[in-house]
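Visitor: I am new to this structure. Please take me through a close look at its salt bridges, and then at what surrounds them.

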Amino acid sequence: MYVSHLSLADFRSYETVDLELDRGVTSLVGPNGQGKTNLVEALLYVATLGSHRVPSDAALIRSGADRAVVRARVVRDDRSRLVEIEITNGKANRARINRSPVPRVRDVLGILRTVMFAPEDLALVKGDPDGRRRFLDELAVLVTPRMAGVQGDYDRILRQRSALLKSAGAAMRGSRGAGDLRTLDVWDAKLAETGAQIIAARQALIGALHPHVAGAYEQVSGGQGAARITYKSSLDAAAPVDENPPLAGAPASYSEGAGDATGGLDQLATGRSVMPGVHLLEARLMDAMGRLRTKEIERGVCLVGPHRDDLVLELGDLPAKGYASHGESWSLALALRLASYRLLTEADGPEWVTDWGIDGEPVLVLDDVFAELDSRRRDRLADLVSKAGQVIVTAAVPSDVPEQLEGARIDVMGGQVTRVL
Amino acid sequence: MYEGAVQDLIDELGRLPGVGPKSAQRIAFHLLSADPTDVRRLVDALIEVKARVRFCDICGNVTQEDQCRICRDPRRSATVICVVEEPKDVVAVERTREFRGRYHVLGGAINPIAGVGPDDLRIKELLTRLASGEVTEVILATDPNVEGEATSTYLARMLVPLGLTVSRLASGLPVGGDLEYADEVTLGRAFEGRRRINA
């Protein structure tokens, strides 16, 4: 797929801007602070309904304006769809597809897929687990848009349960009656139900991503060492020794879970039960919360669940975090992004997804990333992405764009865009 | 900022749900230029609603008597109770004209963030009503969001052991709509809750 047109109104620094784009490479060149990243941020917003730079939408609206509009025409398999999103401060955003309004903004997810490389990616390797969890969850939404709803519900349930644990803890210490501990069982069940789906999706994703990560790391690093990704769950830490197999193992059978609920109707017909291992994970979460209850109330936080899990990155047999050199860390970060791109480009998609569609190849965005890399990694990365369907590169100066990525060039200066080549 | 009374009125109106500062200003100036008898009627309605409207002793719905119209109606079945969060949900279900039972208004949903627990809802009153043994079925009609689902699960766990038939409203496709326009969460729910057809 590719984006043929992007137009913005009152988005970030832009009052209005129109940008024609084409297949192949387009570089956006201009000094820092001139609005290059704002353009790719808008593209990313259409793909993910979020920004990689700020957690809330308010910052996306040009100061002084009430609302921002992002319009992108996305061509997939020669059919084009116009996605329009209106971002309103303090009110619900609205979206239109091909000029007709959709009931929920979320409905636009899945139309545009992007994979973005940015200087911040180094934090995937060197930073805290929450960045890696976000990496997995965002990819999960690209693969199965339904996960956006599950993740939203999980966050809400997590906040409710944490609030309950805090007030229960205060009550136990004598400041208020018995608290509302009676409802904790209910929140446990809700957390286990949604949390299991998130863990199962991440595990399945890691299984599908792993061969791509190993391959891409070898290519980017020039054949040095083997990269490995595994899932580290708070469930394993919570389990008594010698009980329950670790989660890192092979996913459970796909037919597991048949035969409960819907009175003999085929469980495989619904998405939720098709995810490998969901029912086992749900039971293990319930079990872990049961055992951790006293500790959770004492501390007033949820101690087990996907929000405490991590994606473990290893080079050779050593954890990348703390052991990998700066160069190796970069290679690994690039390998994670390349692997996402390759997974989404697969012709058939992962085993558990039935509606993959054709021409799912995401748009590659490389935001200011070449300036960060040494010349060998920069060359190898440029070689690897030069064949992609659509690549959008931002750079401060033209010489930051590797020669393998010659293509259209657009200069960005003071919020104005000019096509140069 | 306006002077004195005008600004006071705008501030008060702005505290109402769904009224922003601009709407508040518009309403305030509308009231200023309105006929005094119209304004007097509005004032009377406001005073009246606080003075006379109360909550039904039985179900918790809004009423002007001790008991609401539905609870007083002998034609309504006393064996089925529909549990809802707010009085406005009673009106919504009543619009269907399908439900012949009675209601129980909880006054909200379990929401630890907002400090609302089971004791803050009218759950004790519901159990008292069920104690007579006349009720055989309870329909849980709380909102289909995280808090509403949690409230329903909590109630179901309490009521099922009492030997009652407990049901939850189905969630799924809107009637008269097109399958293709349903969002994936709703459609997924509809699949999970599908029914066997016995032809």
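Guide: A salt bridge here is a side-chain nitrogen of Lys or Arg within 4 Å of a carboxyl oxygen of Asp or Glu. The model is a predicted one. Over all chains, it holds 34 salt bridges. Side chains of opposite charge can pair when their charged atoms come close.

Take chain A to begin. Glu84(A) pairs with Arg99(A) in a salt bridge, and their closest N and O atoms are 3.7 Å apart. Glu84(A) has a relative accessible area of 5%, so it is buried, because buried means under 20%. Arg99(A) has 52%, so it is exposed, because exposed means over 50%.

Now move to helix H3 of chain A. Arg134(A) and Asp130(A) form a salt bridge there, with 3.1 Å between the closest N and O atoms. Why are they separated by about one helical turn? Because Arg134(A) and Asp130(A) are four residues apart in helix H3. Both partners are partly exposed: Arg134(A) has a relative accessible area of 46%, and Asp130(A) has 37%.

Helix H3 covers residues 129–143 of chain A, and Val141(A) is found in it. Val141(A) counts as buried, at 14% relative accessibility. Val420(A) is 279 residues from Val141(A) along the chain. The C-alpha atoms of Val141(A) and Val420(A) are separated by 36 Å.

Salt bridges can also join up. In chain A, a network of them links Arg161(A), Asp185(A), Asp188(A), Arg293(A) and Glu296(A).

Next, chain B. Asp66(B) and Arg54(B) meet through their side chains in a salt bridge, at 2.6 Å from N to O. This pair, too, links distant parts of its chain, being 12 residues apart. Asp66(B) is in the loop between strand E2 (62–63) and helix H4 (69–72) of chain B. Arg54(B) is in strand E1 of chain B. Asp66(B) counts as partly exposed at 47% relative accessibility, and so does Arg54(B) at 29%.

Val53(B) is partly exposed, with a relative accessible area of 31%.

UniProt, in an unreviewed entry, places "domain: Toprim" at residues 79–174 of chain B. Over that stretch the chain is 34% helix and 18% strand. The end C-alpha atoms of the stretch are 28 Å apart.

Finally, go back to chain A for charges on the surface. Asp379(A), Asp383(A), Glu403(A) and Glu406(A) gather there in a patch of negative charge. Asp379(A) lies in helix H11, residues 375–385 of chain A. With a relative accessible area of 39%, Asp379(A) is partly exposed. Patch members have over 30% relative accessible area and no salt bridge.

Methods. Residues are numbered from 1 along each chain as its sequence is written. Chains are lettered from A and ligands numbered from 1 in the order in which they are written. This is a predicted model: local features need pLDDT of at least 70, side-chain atom pairs count only at pLDDT 80 or more; totals for chains, interfaces and linings use all residues. Side-chain values use heavy atoms; hydrogens and water are left out. Patches are made of residues with over 30% relative accessible area and no salt bridge: like charges are joined within 9 Å, nonpolar side chains (Val, Leu, Ile, Met, Phe, Trp, Tyr) within 5 Å. Accessible areas come from the Shrake-Rupley method with a 1.4 Å probe; for residues, only the protein chains shown count as cover. Lys and Arg count as positive and Asp and Glu as negative; His and the chain ends are not counted. The place of a charge is taken as NZ of Lys, CZ of Arg, CG of Asp or CD of Glu. Helices (H or I, at least four residues) and strands (E, at least two) are DSSP runs, numbered from the N terminus. Buried means under 20% relative accessible area, exposed over 50%, partly exposed in between (1.4 Å probe, protein chains only). UniProt positions are given in the numbering used here, feature names are shortened, and annotations may be inferred rather than shown by experiment.
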